[in-house]
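Let's take a tour of this protein model, one feature at a time. Have a look at the fold before reading on.

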Amino acid sequence: MTRILLLGGTTEASQLAKTLAEAGADAVFSYAGRTAKPVSQPLPTRVGGFGGVERLSEYLKAESITHVVDATHPFAAQMSTNAVHACEATDVKLCAFERPAWQAGEGDTWVHAGTIDEAVNALPDAAARVFLAIGKQNLTQFAVKPQHHYLLRLVDEPDAPLPLPHTTVEIARGPFDAAGDTALMQRHGITHVVAKNAGGAGAAAKLIAARTLGLPVIMIGRPDVPARPIKGSVAEVMAWLSHSAA
């Protein structure tokens, strides 16, 4: 029998969950639990971390999981790394469902940064108005440049004081469109955009808006994770599940 653990949190994960449910698959959807009101899924759902490789391995065995599909955010490197090691330890099959990274095109002005700290260093010393489009997990590093005004777009209201002295917070859930993001940046007088290279169509609007407005984008590259099979569509994942189960 095939039993699937879908590690979610992305639009692609939700698309796959719908297809698995329609196919009558025995699957569990797992959220990390970083948002207060995650999107409802058509599969049995668990919320919260697993507690490292050992605890994840225990869960896979206890729940008789045969296949893991890692459709987490491309920057959830620790979870993806844990999944690789736990699946190796328990002989559970694993694939990643991963969207392609964004590529700079004509009219884009990108500064590539390998890490969050490199992105901080790429910001100017003179005061600027920065659209910090990276979520809420890595804000502390930017506190070394408190002269900037930072625009944050978050899914939930902050539950603690922000580490940045000059911020504006917009509460919104994507996907977003280019016209809306262009208006947002104009309204806040944005001069620089900082983004993680998450890929996907739903979050690309800010890049189109930056191109339209002639703004520089500091693009943070994806973190390294151990090698694993990578699928790029729901159809590819479903074919992998069918083939590997057979």
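Helix α6 (residues 205-213) lies across β6, β7, β10 and β11, and runs at about 150° to β11. Helices (H or I, at least four residues) and strands (E, at least two) are DSSP runs, numbered from the N terminus. For the angles, axes are lines fitted to C-alpha atoms, for helices over the stretch in contact, and the scale goes from 0 to 180 degrees between N-to-C directions.

What is the strand order of the open sheet? Its six strands go β6-β11-β10-β7-β8-β9, with parallel pairing. Two strands pair if DSSP finds at least two bridges between them. β6 (110-113) and β9 (167-171) are at the edges with a single partner strand each, so one side of each has no neighbour in the sheet. From one strand to the next, the twist averages 20°. Helix α5 (residues 178-187) packs on the sheet too, touching β7, β8, β9 and β10 (192-196), and its direction makes about 150° with that of β8. Contact here means heavy atoms within 4.5 Å.

Now zoom in on one strand pair. β6 and β11 run parallel and are joined by four bridges; alanine 113 has isoleucine 220 in β11 as its bridge partner.

## The nonpolar core

The largest nonpolar core has 19 residues, and Leu132, Phe142, Tyr150, Val194 and Ile220 touch the most other members. Such a core is a set of buried Ala, Val, Leu, Ile, Met, Phe, Trp, Tyr and Cys residues joined through side-chain atoms within 4.5 Å. Buried means under 20% relative accessible area, with a 1.4 Å probe and protein chains only.

Tyrosine 150 touches Leu132 and Phe142, among others, leaving aside residues up to four places away in sequence.

## Rings and charges

The whole structure holds three aromatic pairs. Rings of Phe, Tyr and Trp (its six-membered ring) pair if their centres lie within 6.5 Å, and planes over 60 degrees apart count as edge-to-face.

The charged end of arginine 46 sits over the ring of phenylalanine 50, 3.9 Å from its centre. That label needs NZ of Lys or CZ of Arg within 6 Å of the ring centre and within 35 degrees of the ring normal.

## About the model

This model is predicted: local features need pLDDT of at least 70, side-chain atom pairs count only at pLDDT 80 or more, and totals for chains, interfaces and linings use all residues. Residues are numbered from 1 along each chain as its sequence is written, and side-chain values use heavy atoms, leaving out hydrogens and water.

How values were computed. Buried < 20%, exposed > 50% of the residue type's maximum accessible area, 1.4 Å probe, protein only. Phe/Tyr/Trp six-rings, centres within 6.5 Å; stacked < 30°, edge-to-face > 60°.
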